[in-house]
Amino acid sequence: MSSLPVLGLVTIIVLLTVIMTKRMSPLIALILIPIVAALAGGFGLGTGNFVIEGLKTIVPVIGMFVFAILYFGVITDAGVLDPIIDGILRIVGTRPTRIVPGTTLLALLIHLDGSGAVTFLIAIPAMLPLYERLGIDKRVLAAAVSMAAGINFLPWTGPTIRASAALNLPIGDIFTPLIPVQVVGLVFMFAIAYWLGRREEKRLGLTGTEQIDVAVRRRLTAAEEALRRPGNFWVNLILTAAVLGTMVVMEEKIPPALVFMVGTCIALLINYPGLDMQRMRLDAHAKAALMMASILLAAGVFTGIMRGTGMLRSMAQTAVDFVPEAMATHIPFVLGLVSMPLSLLFDPDSFYFGMLPVVAEVGHQLGVPALQVAQGALMGQMTTGFPVSPLTPTTFLVVGLTGVDLADHQKFSIPLLWGASLVMTAACVVFGVFPL
């Protein structure tokens with residue numbers, strides 16, 4: 001074995017080790033480790049050129065992600081989801097067969113901004129009093145919101161963004177073919193939610209005729225009330241439909257980053273026309289946008305160096321010798337099957353920026369499109385897997401807000417989330433997204 005694949009392998013191992021053991025933050029590791037590896041490999045000042053090429057490929061993704069966060073932050077501040085959320089809370093009543101599906105629908109809508117933490121912080125406190133008063137198993141609440149956030153992977157959610165950045169693929173190419181697959185996943189989710197509700201009704205001996213006085217209305221703080229613009233509800237809803245529709249339908253003609261940039265500007269002008277208010281709303285959401293943007297820029301450094309030095313290609317060429325050619329076409333399918341459990345072993349940065357490029361390059365040299373590898377990973381790796389992974393803070397947010405023990409949450413929810421992952425992987429084969 002030549003020195004280049006060995007250097008690449010050592011780089012990957014060191015990267016995974018320092019991130020997973022929390023010796024370095026992903027930002028530091030993704031920048032420093034590949035630079036040190038490139039210098040050790042004798043690439044010298046040419047390393048800077050590799051970095052620039054890597055950053056060039058990542059800029060469109062960063063632009064879309066930053067402005068998607070700003071856009072959804074602004075319209076959420078304006079209250080576009082409030083009537084929908086309050087309507088769901090009014091109609092669920094005291095029947096678990098309506099409460100549990102209503103919980104999933106509520107979490108699904110809140111997760112439009114792509115943030116699992118925000119979803120759990122809003123949906124769980126809103127529904128928890130009802131679950132407690134009726135005696136519904138709180139593991140069901142944790143599972144319902146986890147399914148909604150996990151299956152609802154979107155073009156601006158972390159895994160999709162990372163897959164696009166790591167493999168230098170347009171987000172639309174990855175996501176659009178997965179829309180029918182995601183619909184299948186959502187049908188599975190609501191079926192499971194109804195089944196869980198039915199099971200709870202039987203366990204509790206409820207007939208559906210009980211009238212229990214339970215307050216299930218979400219209470220806003222004074223600061224949140226001051227930001228609401230109820231008079232702009234329909235305008236904001238139409239704007240959101242236009243932004244999402246344009247992004248999906250016109251992705252090849254209009255860059256998604258530009259769509260969200262224009263959408264953010266219009267949303268600010270409509271809801272907060274004053275300069276001071278606009279600055280305050282941007283400041284309020286800038287931290288989340290900046291944090292992810294910095295990670296993506298660091299990923300650009302890593303992928304640029306790994307590709308530019310040839311380490312990625314040399315590792316893949318070596319690995320190809322160990323993969324039977326007849327098995328090559330099954331790589332995306334197998335990855336889809338195991339992607340959810342892999343969330344328990346790899347955090348999103350180490351998997352998407354460390355492991356996925358190697359798998360994709362192996363597939364490429366065996367004739368498997370990198371696009372299919374990315375789609376296979378999205379079937380579970382930090383999508384359905386993130387709400388139960390001990391490697392993500394949001395998992396502890398779920399168990400903390402519901403009061404469920406982590407082990408109990410994992411035992412209860414992992415089979416359901418893995419089931420969703422397997423169903424969507426099967427749907428990928430049925431819809432021809434990738435072969436069996």
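This briefing describes helix contacts, aromatic pairs and selected residues of one structure. The model is predicted: local features need pLDDT of at least 70 and side-chain atom pairs count only at pLDDT 80 or more, whereas totals for chains, interfaces and linings use all residues. Residues are numbered from 1 along each chain as its sequence is written, and side-chain values use heavy atoms, with hydrogens and water left out. Helices (H or I, at least four residues) and strands (E, at least two) are DSSP runs, numbered from the N terminus.

**Helix α17 and its partner α8**

- Helix α8 (residues 158-167) and helix α17 (residues 348-365) have axes that come within 9 Å and cross at roughly 40 degrees. Axes are lines fitted to C-alpha atoms, for helices over the stretch in contact, and angles run from 0 to 180 degrees between N-to-C directions.
- The two helices α8 and α17 are therefore oblique to each other. Angles under 35 degrees count as roughly parallel, over 145 as roughly antiparallel, 65 to 115 as roughly perpendicular and the rest as oblique.
- The crossing of α8 and α17 is right-handed; a crossing is right-handed if the near helix is turned clockwise from the far one by less than a right angle, and left-handed if anticlockwise.
- From α8, the residues Pro-159, Arg-162, Ala-163, Ala-165, Ala-166 and Leu-167 meet Pro-348, Asp-349, Tyr-352, Phe-353, Leu-356, Pro-357 and Ala-360 of α17. Contact means heavy atoms within 4.5 Å.
- The residues of the contact of α8 with α17 comprise eleven nonpolar, no polar and two charged. Ala, Val, Leu, Ile, Met, Phe, Trp, Tyr, Cys and Pro count as nonpolar, Asp, Glu, Lys and Arg as charged, and the others, Gly among them, as polar.

**Helix α17 and its partner α16**

- The axes of helix α16 (residues 331-342) and α17 come within 12 Å and cross at roughly 165 degrees. Helices α16 and α17 are therefore roughly antiparallel to each other, and their crossing is right-handed.
- The contact of α16 with α17 has six nonpolar, one polar and no charged residues.

**Aromatic pairs**

- Nine aromatic pairs are present in the structure. Rings of Phe, Tyr and Trp (its six-membered ring) pair if their centres lie within 6.5 Å.
- Tyr-71, Phe-72, Trp-156 and Phe-260 are linked by ring pairs into a cluster.

**Buried residues**

- Leu-15 lies in helix α1 (residues 3-20) and counts as buried at 0% relative accessibility. Buried means under 20% relative accessible area, exposed over 50%, and partly exposed in between (1.4 Å probe, protein chains only).
- Not counting residues up to four places away in sequence, Leu-15 touches Ala-29, Leu-30, Ile-33, Phe-302 and Gly-354.
- Ser-421, in helix α20 (residues 406-430), also counts as buried, at 0% relative accessibility.
- Leaving aside neighbours within four places in sequence, Ser-421 is in contact with Gly-336, Ser-339, Met-340, Met-379, Gly-380 and Thr-384.

**Partly exposed residues**

- Phe-43, in the loop between α2 (26-40) and α3 (46-77), is partly exposed, with a relative accessible area of 26%.
- Phe-43 and Gly-308 are 265 residues apart in sequence and 9.8 Å apart in space, C-alpha to C-alpha.
- Val-338 belongs to helix α16 and is partly exposed, with a relative accessible area of 35%.

Methods:
Phe/Tyr/Trp six-rings, centres within 6.5 Å; stacked < 30°, edge-to-face > 60°.
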